[in-house]
Amino acid sequence: MTVIDAPPAQVPDELTPQRGRWHRVRPFLPLVALVVLAILPYSTISLPGIFEGPVNSPGTLQLLAICLIFGGLAAGYDLLFGRTGMLSFGHALYFAAGVYGTDILITRAGLPLWQAALLTVTGGTILAALLGAVALRTVGIAFAMVTLAFAQVGAILVARDFGGLTGGEEGLPLDVSGLPAGLVGVTNTVNLYWLALAYLTLVVFVVHRVSGSPTGRVLAGLRDDERRIGVLGLDPYRYKLVAFTLAGGLASAGGVVYVLIVGGASPHITSSELTLSLLVMVVLGGPGTRWGPVLGGVLYMYLDHRLTAFGTSDAVDNLPAVLSRPLSQPLFVLGTVFILAVYFFPGGMAGLAPRLSHLTRTLRPRR
Amino acid sequence: MGTVILLALTGLGLAALYFLVASGLSLVFGLADVLNFAHGLFLGVGAYGTWWAAGNLPGAGPDGFGFVLAVAFGVAAGTLVAILVELVLIRPLYSRTIEQVLVTVGLSLAGVALLQATWGADARPFPRPDWTREVTGILGAQVPNGGLLLIIAAVLVLGAILAFLRWTRYGLVIRAGVENREMVTALGIDVRKAFTLVFAIGGAAAALAGALGGVYFGTVSPGQGGSLLIFAFIVVVIGGMGSVVGSAYAAVVVGLVQQFVNYYGTSGLGDICVVGLLAVVLLLRPQGIAGKVATA
């Protein structure tokens, strides 16, 4: 009787954890990215086609700062959508509260910046807590509609200009006379850029810490199966309210920085369209991941600004009208990309890398 | 007295507009669990379809029978778009609620941008028969005919939808599907055909709202659907998801509250009162006036 020598069981390639070349460096990559972004204003490289003018020109820095702000906003919104599974359609309200709060307190009440900022962020957080306490009594789609309705009230309040505070349709330019000198003027755009970078870093740090904490695990549990969390004896309502309040506070802080960068408030930031674009940013980037929403927000804002220039460029203008007209609308392009993303890469950009590595591994010839 | 009647009738006109948008939304949500953000797009297609037909379609025009033809063209266009959206975009994502919402969000952004790209962002004057510009004296109030037209259309649509739901086989399937979709499927009925049908009905009603809303406001612009849509959502939630009658009641309440408070209070206060009403209804009766409990 012969024993058949069985070949040793082969572990499939994809099951052995691969230690990539970048394994050691990886934890430091965010830090490297932060340093690169922080020293970016010192470079004078011009990237034709990507930015108008050199990187350290005020126009480019302002665009970059806005992109960074929206990266932070998207990361904050992801705390609701990607990490807790709450579909809020009213996140623009807290951002707008930050923008208009700061603007009104500085321009109309004449407060110094730090007081205005402190009051606004506190006020925005309290507003989020109050409205969240009402809205969270509903779940799912009804929650989405209630938050949408609350945000609509904000939009109406701003547009109708009650008490002459908001400037209505015209918007409210920021009175810069009382601001610190370092934050005023075209030459100081670089300081605002650093401020935006600091805001983004803060949001990423907070979201990272929260999602790593025991509370964050409860939030992830709520996203996956709310009933189960309730059965475990934890109160879903409270945890959701904490996430909602925190996200609202972060958004109003973003509004404070945004009003400084843009130098005023305009009513379009209160529209439901802004919330919808936050949703688009998060889904394009990858909900529930650390860098996906940030990337999505930065890229979305960049495209939103640059596609306008692209749409009026000669290359597009020379196309037949059927093509050139839709292409000159950034929202058409972004909306279409978004729909395609929902179908064909549901994990967003953050989910692309694992998918591509699967693909390359499958395509690689077997040894 | 005249003012009160005028406000009541214009409020009802607004309510009719809300009802036309909300009835489809409510049915779609009740049956297929899709929160349809693209509903405003159907409205825009209806309005622009009518506008285009009145100027370009042979036989159609801004007056008399030509106007009826133009509106019919707009409604047909809206219905077609709704059916296509359901077949191509919504159906592959069957029972994945969040993805469906996301797709309709993307569609509303891209669709409105497309309308804007084709016909420009500015409001266009809407072709309308001369008699809709005039007013009718009712009990001492001078009521614009455009509003009366909306009320009549909404009552007709309400009657037609109710009759359809009550007395036809597909109506029965839809009613049963709103109650319990799994059971209908288990009985061997292809409920997805009913989805398409509900989308078509909703699209037609929304397109009609777009066309008649154009008559009422006198202009048509790409963003019109979006602002109406939010109030239509509120009407749907207050009325109860999936209930057409509930939507009708809620539309009347919302329209009247908005009109009266906006007149007697500050302009804009009525809109805020409506949202307050929504909050109160949700806290006291989360399932709405008449409907199933609103859950995801």
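Modeller: In this predicted model, helix α2 (residues 58-81) of chain A and helix α9 (residues 236-262) of chain A have axes that come within 8 Å and cross at roughly 170°. Axes here are lines fitted to C-alpha atoms, for helices over the stretch in contact, and angles run from 0 to 180 degrees between N-to-C directions. The crossing therefore makes α2(A) roughly antiparallel to α9(A) (under 35 degrees counts as roughly parallel, over 145 as roughly antiparallel, 65 to 115 as roughly perpendicular and the rest as oblique). On the α2(A) side the contact includes I66(A), I69(A), L73(A) and Y77(A), and on the α9(A) side it includes F244(A), L250(A), G254(A) and Y258(A); two residues are in contact if their C-beta atoms, placed from the backbone, lie within 7 Å. By class the contact has 16 nonpolar, 4 polar and no charged residues, where Ala, Val, Leu, Ile, Met, Phe, Trp, Tyr, Cys and Pro count as nonpolar, Asp, Glu, Lys and Arg as charged, and the others, Gly among them, as polar.

Residues are numbered from 1 along each chain as its sequence is written, and chains are lettered from A and ligands numbered from 1 in the order in which they are written. Local features need pLDDT of at least 70, side-chain atom pairs count only at pLDDT 80 or more, and totals for chains, interfaces and linings use all residues.

Chain A has 15 helices and 2 strands, taken as DSSP runs numbered from the N terminus (helices H or I, at least four residues; strands E, at least two).

Between the chains, 34 residues of chain A are in contact with 33 residues of chain B. The largest share of the chain A side, 13 residues, comes from α5(A), and that side as a whole has 23 nonpolar, 8 polar and 3 charged residues.

Helix α5 of chain A is also among the elements covering the buried residues of α11(B), together with α9 (224-239) and α10 (244-264) of chain B. Those buried residues include V274(B), V275(B) and L278(B). The three are also touched by I234(B), as are V254(B) and A149(A), not counting residues up to four places away in sequence.

Terms used: Buried ≥ 20, exposed ≤ 12 C-beta atoms within 10 Å, placed from the backbone.
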